[in-house]
Structure formats: C-alpha cells, structure tokens
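Here is a short briefing on one chain. Topics are grouped below.

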Amino acid sequence: MKPLADHGTTARAKGRPASGIKGCPCTPCRQAEARYDKRRRYLNATGRTLTVDPRPVADHIRSLFAEGAGWNQLVAASGCSNSTISLILNGKISRIHRTTADKLLAVQPGDAQPPGLRVPTTGSIRRLHALLAIGHTCKAISQASGVEHSTLSDLINERLERVARHVTERVATGYSALAGTRGNSARSINRGLRNNWAPPAAWDDDHLDDPTAHPNWTGHCGTDRGYHLHVTAQLPKCQPCIDAHQQWIAGHPELKGLQLRTAITRARGQSASREFALAENARELLRFGYNHHHAAERLGATETAIYQAMKRHPEAGAIQIEAAA
C-alpha cells in the first residue's frame, strides 16, 4: 500500500476514508486543509474551479509527443509524475487539479524534447526517391521499413525538414533491404523519371546524408567529360559537372562564339562516338536499375539500337575476358 503523505499536507489531513484510514488531526495537517478549503472557495467565487477537465490536457500531451517529446523529458519539464500523466492520457480520471493542468499546459515542444531526437530528413528523402526510381512502391517501402505510409508520403514530397531519429533509422533499414533489387511498379519508375530522382547506384552510401553531396549519374561526374555524358545520355546535369564545364570554358578564354561552340562539340565527340556513347550510357542506366525499355526512352533510342550498340561496343572488361579465354 502506498504510504501516507507527509504531515502538513491536505492529503494527510484527509486520510483515506475508502481504506478506513482517518485523517491526521495534528495542527500542521489541519492548517494545510484550511488553506486548501480557502483557496477552493476563492476559486469557486471567482468563476473558476479547483479541478478541471483533463481532456484538453491529454490533447496537449499527445501533441507534445507528436512533436518528438520524450516521456522522461515531459516528466522533468512539468514536475508531474509518470502515473499522473499516464492516467490523464488513458482517460482514467474525470477531473484533475488546476495546478497539474497548468504545469502540463505550460510545457512547450522544445522543453520536453530529448537532445538529438529529431534529425534532418536529407538522407531519408534521397533514399526514398532512389527506391521509387527503381520501381519500388510506397507500400513496399513501408513494409520493409516499418514506417507508416503517411510519414513516407510527407518525406517523399519533401514536406518535412526534421523527423524523429528512429524514423530515419527505419528508412535506412528499408533502403538497405530494397536498394539491391528492382521493384515492379512502372508508376514509381515514371515518377522518378519525371522528377530526375537518382537511383541507388548513383549514390555513395557514405554521402547520402551529406546535404552538399550530389549523385554520380555518369561515373565521371565532377569532370567536363561527365558534363558531356549528361548531355548525350539526356541525364539531369548535376552541379559538379556544370561547375567543371564552366571551369573548362574559363580555362579557354581565347575561344569565342563559333570557335567556342566548335571546341565544345569536339570535346563532346572526343568523349565518345555516338554509338559508343549510347552503349556506355545504356549500361550506366541498366546498372542504376532501369530496364532496357526505360533506358531506351531515356536515351531517345529504340531497344534494338541499344542492344546493337552494346554488342558492337562491349565493355573493356568483357574484351579482356574474351581475349584471355
């Protein structure tokens, strides 16, 4: 049985009638009870009550938890016990003391938030976009990660800047499980194509959470050759390749107008012949998880043309293997 409250408190003065324990008649307890009754009469006279409806407080507590508040942090910030908060949340009591309600309602999200609980969503968004780009559905990602569909939707549509750390960890777990396999949703793939979302193969896992990192679409991103491969493969240009191309132009100040355009055309031609480029870029897309149909659409060619280009221009590794054989 829970021990009695200390002397000089209203609880000790009232005792526990239901358990047959009488109130304490000592002077400190009687004085505490008198103060309590005086305050109750004053609040009633001024249109307020000593106790209030706990439902608005329960709603406030839920909103704190939705914002990332931790249970222990809420206890510390409010000064209320675990049991009191639990009773309010579970609707086990019909009235609560006004002072208790005031303490809990005064707590703001930042007051009850564990340090480091909420983290940036950059990596989670990139992982989800990459999985959609290779054909996985939101439902499949939800099943693999354990993150509910509505949260995934908010992340995919970039409506959240920060989420609870456990959400990012679950998204990363789902990504690890699905990144090595293709999904079967043409709708997801087409959505990825429309939005230029990079597939898993274009990302270095160590850089997914780095907001300054860029996907390596071409295998040569960050170079002038990478810039031209973006153009020939009709891939979205990444900033490192744009910067590299601008540096190349800045490094040839003597080239103007037609001379500059001719030099750029020559540089693009030197990067790869038309058919060689088609074969190389098709292989890159296939490595990224695209099938031959979508790779052909992306490159503006037919599937037959892609097969013939790759047949005429096998990879260097394949040539060496054939020669060794």
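In which loop is Glu158 found? Glu158 is in the loop between α9 (149-156) and β4 (162-164). The model is predicted: local features need pLDDT of at least 70, side-chain atom pairs count only at pLDDT 80 or more, and totals for chains, interfaces and linings use all residues. Residues are numbered from 1 along each chain as its sequence is written, and side-chain values use heavy atoms, leaving out hydrogens and water.

**Overall make-up**
- The chain has 18 helices and 4 strands. These are DSSP runs numbered from the N terminus (helices H or I, at least four residues; strands E, at least two).
- Of its 325 residues, 39% are buried (buried is under 20% relative accessible area, exposed over 50%, partly exposed in between; 1.4 Å probe, protein chains only).
- Among contacts with a separation of 6 or more, 61% join residues 24 or more positions apart (contact means heavy atoms within 4.5 Å).

**Helix packing around α5**
- Helix α4 (residues 71-78) packs on helix α5 (residues 82-89) at about 110 degrees, with axes 10 Å apart. The pair is therefore roughly perpendicular (65 to 115 degrees; under 35 is roughly parallel, over 145 roughly antiparallel, the rest oblique).
- Axes are lines fitted to C-alpha atoms, for helices over the stretch in contact, and angles run from 0 to 180 degrees between N-to-C directions.
- From α4 come Trp71, Leu74, Val75 and Ser78; from α5 come Asn82, Ile85, Ser86 and Leu89. This contact holds 5 nonpolar, 3 polar and no charged residues.
- Nonpolar covers Ala, Val, Leu, Ile, Met, Phe, Trp, Tyr, Cys and Pro; charged covers Asp, Glu, Lys and Arg; the others, Gly among them, are polar.
- Helix α3 (residues 55-66) meets α5 at about 105 degrees, with axes 8 Å apart. These two are therefore also roughly perpendicular.
- Val57, Ala58, Ile61, Arg62 and Phe65 of α3 touch Ile85, Ile88 and Leu89 of α5. That contact has 7 nonpolar, no polar and 1 charged.

**Positive phi**
- Most residues other than glycine have a negative phi.
- Glu158 has phi near 60 degrees, a positive value. Glu158 is exposed, at 53% relative accessible area.
- Asn196 has a positive phi of about 55 degrees. Asn196 lies in the loop between α11 (186-195) and α12 (224-233) and is partly exposed, at 37%.

**Charge over a ring**
- The charged end of Arg127 sits over the ring of Tyr175, 5.8 Å from its centre (NZ of Lys or CZ of Arg within 6 Å of the ring centre and within 35 degrees of the ring normal).
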